[in-house]
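Hi there,

Here is the structure I promised to hand over. Have a look at it first, and then read on for what turned up.

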Amino acid sequence: MIRFENVTKRYNGTAVIDDVSMVVESGAFVTLVGPSGAGKSTLLRMTNALVRCDGGRILFDDDDVAKVDPVALRRRFGYVIQSTGLFPHWTVARNVATVPKLLGWPRPRIAARVDELLAMVDLPPAEYRDRYPAELSGGQQQRVGVARALAADPHALLMDEPFGALDAVTRAALQDQVARIHKATGKTILLVTHDVDEAVKLGTRIAVMDGGRLVQYAPPAEVLAAPATPFVAALFGGDMASIRLLDVTRVADRAVAAEGLVPASAIAAEATLEAALARMLAEHVEALAVTGDGPPRVIRLADIVRGGR
Ligand code: ADP
């Protein structure tokens, strides 16, 4: 768990982090979003003591990050940045093995861990372990960066605009992959982005920053449906927030008892409202049966529209 208590940072007398308090529960995927200069990277870098607090404190698994050895602290985090930071003259395997080597793991354990991680990020080890970063695409380099961050099984991952330099298709693929890794490992993740869609897609909670302040800290559906301030409403697209909400709301949340209505097509209860709407539009129908346990339920066009902002 990471606990921020009244955290403040000043540069030249100006607070760039202004009295931020929030608790990141173990296993959460928190996306920090806000305009450039809002303080997102600074807050992330304060978490692993690359930047020191001027006021307040940050507790990581109950340790005050200002009071523990910073090198040991940083090893408990995996850290991924936009420009990968891979060593160009080292092979992929050696790059991934950086921290396990520092920790003095035996060679066979390192080799096994490297292969396991490369497989996890969809880079077949036999094909990729002996390549150099320059022989990889930008997306593949970033996958190696993610594998390296996970190498020594850190307690949490800190990611600073990790997909910022990638094209849209590669970016979406890596987002899906990090979401899968989060599900599979249950690691706590803090990810900085200025991309609202990325924040909504990946976050179990979104921390919205503006001018050094935390203006809202809530699950995506809540940020979209009930933005705390006009700034948050505008950041999440004003009227378009209702459309984004379709992607984070499940059919199960809006389905109603079938009451004799028997639609020809069906959709899974776990599907998103966006998927349900797409099906209705494609099939020219206004209701779908909902598959799942319990009494028969349906989702109607009106149920999708209802409950928007
Ligand atoms: P974001 O990640 O949201 O774009 P940053 O955390 O990088 O924002 O920066 C927040 C503010 O702090 C900006 O105004 C930036 O110029 C300022 N800042 C960041 N690092 C330093 C530094 N080392 N010295 C002076 N000002 C800094």
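Let me start with the ligand: a backbone N or O atom of Gly39 lies 2.9 Å from an oxygen atom of the ligand, a polar contact (a pair of N or O atoms within 3.5 Å). For Gly37 the corresponding distance from a backbone N or O atom to a ligand oxygen is 2.7 Å, and for Ser41 it is 2.9 Å. The residues around the ligand, each with a heavy atom within 4 Å of it, are Tyr11, Val16, Pro35, Ser36, Gly37, Ala38, Gly39, Lys40, Ser41 and Thr42.

This is a predicted model, with local features needing pLDDT of at least 70 and side-chain atom pairs pLDDT 80 or more, while totals for chains, interfaces and linings use all residues. Residues are numbered from 1 along each chain as its sequence is written, and side-chain values use heavy atoms, leaving out hydrogens and water.

Now to a pair of helices (DSSP runs of H or I, at least four residues). H7 (residues 138-150) packs with H8 (residues 168-185) at an angle of about 20°, their axes (lines fitted to C-alpha atoms over the stretch in contact) being 10 Å apart. H7 is therefore roughly parallel to H8, a term for angles under 35 degrees. Their contact (heavy atoms within 4.5 Å) involves Gly139, Gln142, Arg143, Val146 and Leu150 of H7, and Thr170, Ala173, Leu174, Gln177 and Ile181 of H8.

Best wishes

Methods. Axes are lines fitted to C-alpha atoms, for helices over the stretch in contact, and angles run from 0 to 180 degrees between N-to-C directions. Helices (H or I, at least four residues) and strands (E, at least two) are DSSP runs, numbered from the N terminus. Angles under 35 degrees count as roughly parallel, over 145 as roughly antiparallel, 65 to 115 as roughly perpendicular and the rest as oblique. A polar contact is a pair of N or O atoms within 3.5 Å; within protein, one must be able to donate a hydrogen and the other to accept it, and residues adjacent in sequence count only if both atoms are side-chain atoms.
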